Amino acid sequence: MTSHFEASSSAPLFAPMRLGPFELAHRVVMAPMTRMRALQPGDVPGELAATYYGQRASQGGLLISEATQISQQGKGFPCTPGIYTSEQVQGWRHVADEVHAKGGRIFVQLWHTGRISHSSHHLNRALPVSASAIRPAGDALGHEFVSYPFETPRALTLEEIDGVVDEYRHAAASAHLAGVDGVEVHAANGFLIDQFLQERSNQRTDQYGGSIDNRMRFLREVVEAVAGVFGETRVGVRISPFGTLGDIGDSQPEALFRSVTAWLSSTRIAYLHVVEPRANAGQTDAPNFSLPVSAAAIFRSEFDGPLIASGGFDKRSAEQAISTGIADAVAFGRMFISNPDLPARFQHDLPLAAYNRQTFYGGNGHGYTDYPEHVAIVA
């Protein structure tokens, strides 16, 4: 498929593009990255979060926030922010103000972890929930930053599914109240929506299980609920075809995600965000060579709108993806952690600072807000 967005052949990352109602000045997007620094109690994004996002905002650029739980039940990791209480709304309003002051745009990523959680995060130590009562392999990170074996989740009832859809709607309304520019529905990386989509975690026999169409039902209801708040053109969706995080999997991943992307195309959402399978969602530096090279290339033909690719890109490969029409923009994660001025460094061919993996999760401003801009840019 040829992209609808013509990028400059000499500087494809810095050609403007339309995304929903917004005109972006460049195509260097900040990917959603969990940092586990929300204020406690309450999972509130604080002053450090506002500084962090403000530092990484650029004139006419797009930031996608860290994954942000839609409810207490949706929480799966310690010190991750929410977007469902008045205090959380105030915190995100401060973040949005800092980003907008720099001329940037920010979408908040809406998240329910489902079975990739632990009872220590939940009221009365309630079990995590999922499409089916199937325990994933591996370990959860509990409330105290302590690892525990995953628990067998409880399958959501039909009434409870309706309730979770309402929680997405409420979270979108909270994000709208906070003044952010849009929301991204997190349907990737083995979390709740992905658990409904894929067979390994969905063995239901009702209208949410079995056929691909049935397994897509929860995603459709969530997207429609969120779009009812923001409008389709201010909603993005993130998917991770062929991904393996969270012990996820399907016997027909290409058929499944062709159906998913074709339906999303029909909704006219702001963008589709595709995680490249070999990148392992940034959990390790080593690519997984057993997976396809590019999901964006496979599913580009199904999506008639802006496509953001993420996972394992550098400047050169991002320019190639845009120039060949595989993607319209590219999201960068770890590079943005240690280079708050990443778009400017790319534009002026300046060296990149190395990140420190030990400071990715939890802690204070160290490894979070203390990475400086390049001296040539400051000067």
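Which residues touch the most other members of the largest nonpolar core? This model is predicted, and its largest nonpolar core has 83 residues. Leu110 and Phe218 touch the most other members. In soluble globular proteins, nonpolar side chains tend to be buried together.

Another core lies apart from the largest one. That core has 14 residues, including Val29, Ala31, Ile64 and Ala270.

Now turn to helix H3. H3 covers residues 158-178, 21 residues in total. From first C-alpha to last, H3 reaches 31 Å, close to the 30 Å expected at 1.5 Å a residue. Which residues of H3 are buried? They are Ile161, Val164, Val165, Tyr168, Ala171, Ala172, Ser174, Ala175 and Ala178. An α-helix has 3.6 residues a turn, so residues three or four places apart point the same way.

The buried residues of H3 pack against several elements. Three are helices: H2 (86-101), H4 (192-197) and H6 (217-230). Two are strands: S5 (105-111) and S10 (182-186). After H3 comes Gly179, with a positive phi near 85°.

The structure holds two cavities of 30 Å³ or more. The second largest cavity has about 40 Å³ of space. Its lining consists of Arg37, Ala38, Pro45, Ala49, Glu66, Pro81 and Tyr368. By class, five of these lining residues are nonpolar, two are charged and none is polar.

Note on methods:
Residues are numbered from 1 along each chain as its sequence is written. This is a predicted model: local features need pLDDT of at least 70, side-chain atom pairs count only at pLDDT 80 or more; totals for chains, interfaces and linings use all residues. Side-chain values use heavy atoms; hydrogens and water are left out. A nonpolar core is a set of buried Ala, Val, Leu, Ile, Met, Phe, Trp, Tyr and Cys residues joined through side-chain atoms within 4.5 Å. Buried means under 20% relative accessible area, exposed over 50%, partly exposed in between (1.4 Å probe, protein chains only). On a 1 Å grid over the protein atoms alone, a cavity is a set of points where a 1.4 Å probe fits but cannot get out, and a pocket is an open set with protein on both sides within 12 Å along at least five of seven lines; lining residues have an atom within 4 Å of a point. Grid points are joined across faces, edges and corners, and a volume is the space filled by probe spheres set on the points. Ala, Val, Leu, Ile, Met, Phe, Trp, Tyr, Cys and Pro count as nonpolar, Asp, Glu, Lys and Arg as charged, and the others, Gly among them, as polar. Helices (H or I, at least four residues) and strands (E, at least two) are DSSP runs, numbered from the N terminus. The expected span of a helix is 1.5 Å times one less than its number of residues. Contact means heavy atoms within 4.5 Å.
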